[in-house]
Amino acid sequence: MAHNRKLRTVEMQRLTVEQFREAGKTPLVVVLDDVRSMYNVGSVFRTGDAFRIEALYLCGISATPPATEIHKTALGAEDSVAWRHFDNALEAVEQLKGQGYEVLAVEQCDGSTKLNEFIPQKGKPYAVVLGNEVKGVHQEVIDRCDGCLEIPQFGTKHSMNVSVTAGIIMYKFVF
């Protein structure tokens, strides 16, 4: 039987916030379109730190740091991951497209690409838009995106928590 000893935090050789800011990033911007829960926002910050994403764009009613509820789930990742606030996600998408990003909504749409069939091009800058916990990504935002990614699901529910979805999507762009 294998004996796997759990690593202590000091053994993991994690980056400092300063080292994180200087380190190379996954060329991925995560855009949150009206994400209501500050805990979800904080969780996306934390996962964004884990996958060393380029930035997190918080749009519309999505809360911004500093906020106790964000910090509770981000655990300080709100200090390492670059972020910006936009009045709405459409503004963020237009800016990203103007900078050469391929922008994909994460949504169940006619003609969406199943995540398991999507192969991101290495080094190409992407942005993914994740929507509100109830209403999803606004249709006018979807209309401006270059396409839609959909995570195949097999249960009785038609959606997953936005922070879980963000983690699955980020993983796909890193590995």
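**View 1. Phe 173, a buried residue of helix H7.** At 8% relative accessibility, Phe 173 counts as buried, a term that here means under 20% relative accessible area, with exposed being over 50% and partly exposed in between (1.4 Å probe, protein chains only). Phe 173 lies in helix H7; helices (H or I, at least four residues) and strands (E, at least two) are DSSP runs, numbered from the N terminus. The model is predicted: local features need pLDDT of at least 70 and side-chain atom pairs count only at pLDDT 80 or more, while totals for chains, interfaces and linings use all residues. Residues are numbered from 1 along each chain as its sequence is written, and side-chain values use heavy atoms, with hydrogens and water left out. Leaving aside neighbours within four places in sequence, Phe 173 is in contact (heavy atoms within 4.5 Å) with Thr 26, Leu 28, Leu 104, Phe 118, Pro 120, Lys 122, Tyr 126, Val 128 and Leu 149. The C-alpha atoms of Phe 173 and Pro 27 are separated by 8.6 Å, although the two residues are 146 apart along the chain.

**View 2. The nonpolar cores.** A nonpolar core is a set of buried Ala, Val, Leu, Ile, Met, Phe, Trp, Tyr and Cys residues joined through side-chain atoms within 4.5 Å. The largest has 32 residues, and Val 30, Leu 32, Phe 45 and Phe 173 have the most contacts inside it. At least two residues of this core come from each of S1, H2, S2, helix H3 (68-74), S4, S6 and H7. H7 gives the most, with five residues. A second, separate core of 20 residues includes Val 29, Phe 86, Ala 89 and Val 103.

View 3. Seven strands form an open sheet in the order S3-S2-S1-S6-S4-S7-S5, with parallel pairing; two strands pair if DSSP finds at least two bridges between them. Strand S3 (83-86) and strand S5 (113-114) stand at the edges with a single partner strand each, so one side of each is left without a neighbour in the sheet. Strand S1 (residues 26-33) and strand S2 (residues 53-59) run parallel and are joined by six bridges. Within this pair, Val 30 has Leu 56 of S2 as its bridge partner.

View 4. S4 and S6 run parallel, joined by four bridges; Glu 102 has Tyr 126 of S6 as its bridge partner. With S7, S4 pairs in the parallel sense over three bridges, and the bridge partner of Ala 105 in S7 is Cys 148. Helix H7 (residues 162-174) lies across S1, S2, strand S4 (102-106), strand S6 (126-131) and strand S7 (147-150), at about 165 degrees to S6. Axes are lines fitted to C-alpha atoms, for helices over the stretch in contact, and angles run from 0 to 180 degrees between N-to-C directions.

**View 5. Helix H2 and its ends.** The buried residues in H2 are Asn 40, Val 41, Gly 42, Val 44, Phe 45, Thr 47 and Gly 48. Their cover includes S1, S2, H3, helix H4 (77-80), S3 and H7. Ser 37 caps the N-terminal end of H2, with a side-chain oxygen 3.1 Å from the backbone nitrogen of Tyr 39. Arg 52, which follows H2, has a positive phi near 50 degrees.

How values were computed. Polar contact = N/O pair within 3.5 Å; in protein donor to acceptor, adjacent residues only side chain to side chain.
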